[in-house]
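Me: Could you take a close look at the pockets in this one for me? I'd like to hear what lines them and where that lining comes from.

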Amino acid sequence: SSGINAEYGEVEGGVSVRRFELSPDNKITSVSSSETPSQKISSVLKEVFLPQGYPESVSGDYMEYQIWDTLQELCSALNGTLASHATFKGMGVGDATATALGATYTWILKDGSGMISNILFAWSRGTQLDIDAKRWRLFADVVNDLAMLIDLLSPLAPATLFTPIMCLTTVLRSLVGVAGGCTRATIKQHQAIANNTADVSAKDGSQERLSSLVGLFLSMCLMGVVTDSPLLTWPTFLALTFLHLFFNYKACSCLVMCSLNPARYKILLKHWMESEEVLNPRQVNEMEPFITGRALPVVLGASLLQVPQQFTISDLEKDYMLLPDEKGLHVCYRSGVTDETILESFYFAYEIICSGKTETHPSHDAKERYLDFKKRVEDAGWDTSFAPLGVTALRYRVDH
């Protein structure tokens, strides 16, 4: 309006990409790129391998996790080459006495074993994978390394045991597939803070493929050196396994999950009841014992038939009942209970276990304390919109 051109710019992912000027009559008069050649190359790689809008579109722990995850993927790819070589050797590749029919039967049996174990594991542990994503993620990688160890040992076993060994390793890998795939989905959902889970997952896949490509190239070099040399194969395998597990541990350790699973909720409540201070997600995640940990003696979503204590009709009108016994505490929920109420019930269940109280329902003053706690929790950055606490689907219903 004063006749002096104003200068504007565009940013992408927080980085300036170009500048332009507008004349007094609101027309673009000139455009100039603010990127150097190296920055342009970096921008292309960023578009290919990182989610759109990075870093604003992902959680703060995204890059650190992806670095550790890529390194562990590379180690796993190299170890997988050693294991595959041993498997092919055990199946008779290069052996004139081996038949295609025998190898086919072995392949069918091992695939069938994997499918059955996949179904059974998903049925028995499926609900726990969301609750303890870090623990089950690490579990998947430990079991994967165990499967590769058995693969390496398989050529040393008698030929009659080769098929059962292949079935065993396939069963182990099916556990890896379920636990690893499901926990990866949970982690991607955590990282995708801009409702961009599909983009985050797709770019994670691209990073994984790049790591695998590098692994293929290194594997070709590796196999030329260590093939048929136990003195080189075993030290290489053990070193890569150590690095694989170390990188996985670092990847899980750097995650800052904002949901309240039992382990994180216990740490939060313990600190609150000792000091009336609410820890933020980063502080609690650093303290979370995701390798080992003792479960709280609480059954969330218990059946009324499991509860030895008597309750009244008025108790059944409440959203939940807290019913202790000598083994711990049973929490029974009414039909239609929300996740926010489940989080509330866990708060009072923990309080009862620590104090030894026998209240079926919290008092009015106790509820006021909880509302103050809940507000501070949300202000600290915790997500209270859902409750990954391992609650069963069992509810009691009152029909009038």
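**A look at the pockets**

Reply: Let's begin with the second largest pocket, which has 13 lining residues; Gln189, His190, Ser259, Asp383 and Phe386 are the ones that lie nearest its centre. Bear in mind that this is a predicted model. The space in this second largest pocket comes to about 380 Å³. The top contributor is α6, which puts in three residues. Sort the lining of the second largest pocket by class and you get six nonpolar, four polar and three charged residues.

Now for the largest pocket, where the space is about 670 Å³. Its lining is made up of 24 residues, and those lying nearest the centre are Ile131, Asp132, Pro262, Ala295 and Leu389. Four elements turn up with two or more lining residues here: α4 (128-131), α5 (133-153), α9 (262-275) and β4 (298-300). Out of these, α9 provides the largest share, four residues. By class, the lining of the largest pocket splits into 15 nonpolar, five polar and four charged residues.

Key
Residues numbered from 1 in each chain as written. Predicted model: local features only at pLDDT ≥ 70, side-chain atom pairs only at ≥ 80, totals over all residues. Heavy atoms only, no water. 1 Å grid on protein atoms, 1.4 Å probe; cavity = no way out; pocket = protein on both sides within 12 Å on 5 of 7 lines; lining within 4 Å. Points joined across faces, edges and corners; volume = space filled by probe spheres on them. Nonpolar A, V, L, I, M, F, W, Y, C, P; charged D, E, K, R; others polar.
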